[in-house]
Amino acid sequence: MSQVYMIGGLRTPIGKTGGFLKDILPEQLAASVLNEVLDKYKLLPNHIDQVILGNAVGPGGNIARVSVLEAGWPYSTPALTVDTQCGSGLSAVNLAYGQILSGQAELLLAGGVESTSMSPRRQFNPADPRFQGENVYYERAPFSTPAVGDPDIGETAEYLAKNMAITREAMDLLALESHKRATLTQEQGLFNDIITPVKAAGKIISSDECIRSRITLKLLERMKPVFVDGGKITAGNTCLKHDGAAVVLLASPTAVKKYNLKPQAMITGASTCGCDPNVFPLGPVPSIQKLLLQSNLNMDDVDALEINEAFAVKILACCEQLGFSLQKTNILGGALAYGHPYGASGAIILLHLLKALQQVNGRRGIAAIGAVGGQGIATLIERC
């Protein structure tokens, strides 16, 4: 078995649906990041054994391969696309980790890409009993079976808030804190070396689009429920839809020496665990618990936690069940502020986790995502 090093990585600025990245194809977003990572670490395309990218709402097919070809890389570079919905990017990283650990590869790029702005219209086949007419399209794929339960994500969040007695005030306060932390992170330029600028509509975009530096609790309190009448989930304490791409460079000890790379961390564990699809936001909990058990650790050994912030209620519920401090979770702000480009989010939070550990001079951190359909994906890193 080999050690697996996290050298670093890059991400694009994150844009909202119909925002500043709306005219860029997902493979173009991914290709730009792939090439920028090579430049950053003074590598050539033929040094990379494989590219693994997550994607959830793209046009289908192997978008990782399309991205590699768009980037102008040699035909010999293999590429694999992963779809575990929100968990796709972190699943891609964990797959790359496993390939290096098993000796199948030495140097990989893993992450994901999403363009909700370019998401295609989808329709069931006329022979499918779910077909509802020629002009009727579905927005999301089936995540579970009707017999088990396949609620919309907003309904699931509302159920979780009610079932765990999590208040609207607590969710709004967490959303406010997320924007405050992200604003401070942006002002201090902490992500300047992991955000690669993108040219869009004749402009150079270098900052995330959705951070709201002037948001207040009063503004959040005025927002109306968006999923259920009289509910607690609003546009302020939930993620909307976003565009972006991110990749992480992973290397074996041999590749580190061969290409004169400087590791920032080691990936020391990875896990995936299923849960009830009706409470899928809790997916990070069993996956983190499984990861800690595998690693002979407990939550007291974790200095920073990144859980993808699709909903404020998700963070509150997961931290409560894990017995982990909100102060050590999403330290530099979360997806409520930055955004959640589904397929890319796993790589994004892993890059943010590394930065958070550096800020608090911590040793160990976990990145985790709960995915629709009832799955949790987690990755454990340890700073070098």
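Analyst: Happy to; we will look at a helix, a loop residue, some salt bridges and a surface patch. Keep in mind that this is a predicted model.

User: How many residues of α3 are buried?

Analyst: A general idea first: an α-helix has 3.6 residues a turn, so residues three or four places apart point the same way. In this case the helix is mostly covered, with 11 of the 14 residues in α3 buried. Among them are Leu90, Val93, Tyr97 and Ile100.

User: Now a loop. Is Val57 buried or exposed?

Analyst: Val57 sits in the loop between β3 (50–54) and α2 (63–70). Its relative accessible area is 10%, and buried means under 20%, so Val57 counts as buried. Beyond its neighbours within four places in sequence, Val57 is in contact with residues including Glu114, Pro120, Arg122 and Tyr342. Take Arg122: 65 residues separate it from Val57 in sequence, yet the two C-alpha atoms are 9.9 Å apart.

User: What about charged side chains? How many salt bridges are there?

Analyst: Side chains of opposite charge can pair when their charged atoms come close. The count here is 11 salt bridges. One of them joins Glu139 to Lys241, with the closest N and O atoms 2.1 Å apart. This pair links distant parts of the chain, 102 residues apart: Glu139 lies in the loop between β5 (107–115) and α4 (153–163), and Lys241 in the loop between α6 and β8. Glu139 is exposed at 61% relative accessible area, while Lys241 is partly exposed at 34%.

User: Which residue does Asp193 meet in a salt bridge?

Analyst: Asp193 pairs with Lys355, at 2.7 Å from N to O. The partners are 162 residues apart, with Asp193 in the loop between α5 (168–188) and β6 (198–200) and Lys355 in helix α11 (residues 345–360). Asp193 is partly exposed at 40%, whereas Lys355 is buried at 12% relative accessibility. Salt bridges can also form a network, as they do for Arg140, Asp150 and Asp152.

User: And which residues form the nonpolar patch on the surface?

Analyst: Val226, Phe227 and Val228 do, with about 220 Å² of accessible area together. Val226 belongs to the loop between α6 (217–222) and β8 (242–251), and is partly exposed, at 44% relative accessible area.

How values were computed. Residues are numbered from 1 along each chain as its sequence is written. This is a predicted model: local features need pLDDT of at least 70, side-chain atom pairs count only at pLDDT 80 or more; totals for chains, interfaces and linings use all residues. Side-chain values use heavy atoms; hydrogens and water are left out. Patches are made of residues with over 30% relative accessible area and no salt bridge: like charges are joined within 9 Å, nonpolar side chains (Val, Leu, Ile, Met, Phe, Trp, Tyr) within 5 Å. Accessible areas come from the Shrake-Rupley method with a 1.4 Å probe; for residues, only the protein chains shown count as cover. A salt bridge is a side-chain nitrogen of Lys or Arg within 4 Å of a carboxyl oxygen of Asp or Glu. Helices (H or I, at least four residues) and strands (E, at least two) are DSSP runs, numbered from the N terminus. Buried means under 20% relative accessible area, exposed over 50%, partly exposed in between (1.4 Å probe, protein chains only). Contact means heavy atoms within 4.5 Å.
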